Amino acid sequence: MGIASYDDLLRAAREQDEPQRLLFVFARAVLPEDSTPAQRAGFADGRGGVLEPLMSVDKAPEDLGSFAALVEESRQFASDWSVVFVSALAGRNGRAPTSNEADRSLQGMAESIKRGVFGAFIPFDRQGRPILFD
């Protein structure tokens, strides 16, 4: 199943044979301190920078509603995020992943995002549109 929207993601997670936890890492673009004048100018125009994870959360698919509701909930903790990366963690033998498993996976996601390695995650902008990175 192709994932072209947040709703597709929820549908796919709910249709899996094993219970799922959806993992969310909210991040924002920042300009590194050692950036060049050209990089600063590009960043001012909305291009470039690096991604900085701000917060993470795991949720069962059945506990999630609309993307707008996710955005509203995120405002309580990190209002200045620009992208949310999503991944799924499958349970085993009919049991959902534990909190420890989800925490380890979220930490790994955040570290990957810091390194600029996020091809395994589905990124969405604040309007819930999937993002394609160059």
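Glu72 and Arg75 form a salt bridge, with their closest N and O atoms 2.7 Å apart; a salt bridge here is a side-chain nitrogen of Lys or Arg within 4 Å of a carboxyl oxygen of Asp or Glu. Glu72 is partly exposed at 44% relative accessibility, and Arg75 is partly exposed at 45%. Buried means under 20% relative accessible area, exposed means over 50%, and partly exposed lies in between, using a 1.4 Å probe and protein chains only. The model is predicted, so local features need pLDDT of at least 70 and side-chain atom pairs count only at pLDDT 80 or more, while totals for chains, interfaces and linings use all residues. Residues are numbered from 1 along each chain as its sequence is written, and side-chain values use heavy atoms, with hydrogens and water left out.

**Other salt bridges**

- The structure holds 10 salt bridges.
- Arg28 and Asp80 meet through their side chains in one of them, at 2.5 Å from N to O. Arg28 lies in strand 1 and Asp80 in the loop between helix 3 (67-74) and strand 3, so this pair ties together parts that are 52 residues apart in sequence.
- Arg28 counts as partly exposed because its relative accessibility is 26%; Asp80 is also partly exposed, with a relative accessible area of 40%.
- Asp8 and Arg11 form another salt bridge, at 2.9 Å from N to O. The two residues are three apart in helix 1 (residues 6-14), which means that about one helical turn separates them.
- Asp8 is buried at 16% relative accessibility, whereas Arg11 is partly exposed at 37%.

**Overall layout**

- The protein chain has four helices and four strands. Helices (H or I, at least four residues) and strands (E, at least two) are DSSP runs, numbered from the N terminus.
- Read from the N terminus, the elements run α-β-α-β-α-β-α-β.
- For 134 residues, a compact globule would have a radius of gyration near 14 Å, and the 16 Å of the protein chain agrees with this. The radius is taken over C-alpha atoms, and the globule rule is 2.2 Å times the number of residues to the power 0.38.
- Along the principal axes, the C-alpha atoms fill a box of roughly 55 × 30 × 25 Å.
- Of the 134 residues, 38% count as buried.
- Among contacts between residues at least 6 apart in sequence, 73% join residues at least 24 apart; contact means heavy atoms within 4.5 Å.

- Four strands make an open sheet in the order 2-1-3-4, with antiparallel pairing. Strand 2 and strand 4 are the edge strands, each pairing on one side only.
- Two strands pair if DSSP finds at least two bridges between them; strand 3 and strand 4 pair in the antiparallel sense over three bridges.
- Neighbouring strands of the sheet are turned by 25° against each other on average, direction ignored.
- Helix 1 lies across strand 1, strand 3 and strand 4, and runs at about 150° to strand 1. Axes are lines fitted to C-alpha atoms, for helices over the stretch in contact, and angles run from 0 to 180 degrees between N-to-C directions.

**Phe124**

- Phe124 lies in strand 4 (residues 122-124), and Val84 stands opposite Phe124.
- Phe124 counts as buried because its relative accessibility is 0%.
- Leaving aside neighbours within four places in sequence, the contacts of Phe124 include Tyr6, Leu9, Phe67, Trp81, Val84, Val86 and Pro130.
- Arg21 is 103 residues from Phe124 along the chain, and their C-alpha atoms are separated by 17 Å.

**Helix 4**

- Helix 4 (residues 99-114) has 16 residues, which should span 22 Å at 1.5 Å a residue; its end C-alpha atoms are 23 Å apart, in agreement. The expected span is 1.5 Å times one less than the number of residues.
- The buried residues of helix 4 are Glu101, Ala102, Leu106, Met109, Ala110, Ser112 and Ile113.
- Strand 1 (20-30), strand 2 (50-59) and strand 3 (83-90) are among the parts that cover these buried residues.
- Just after helix 4, Gly116 takes a positive phi of about 80°.
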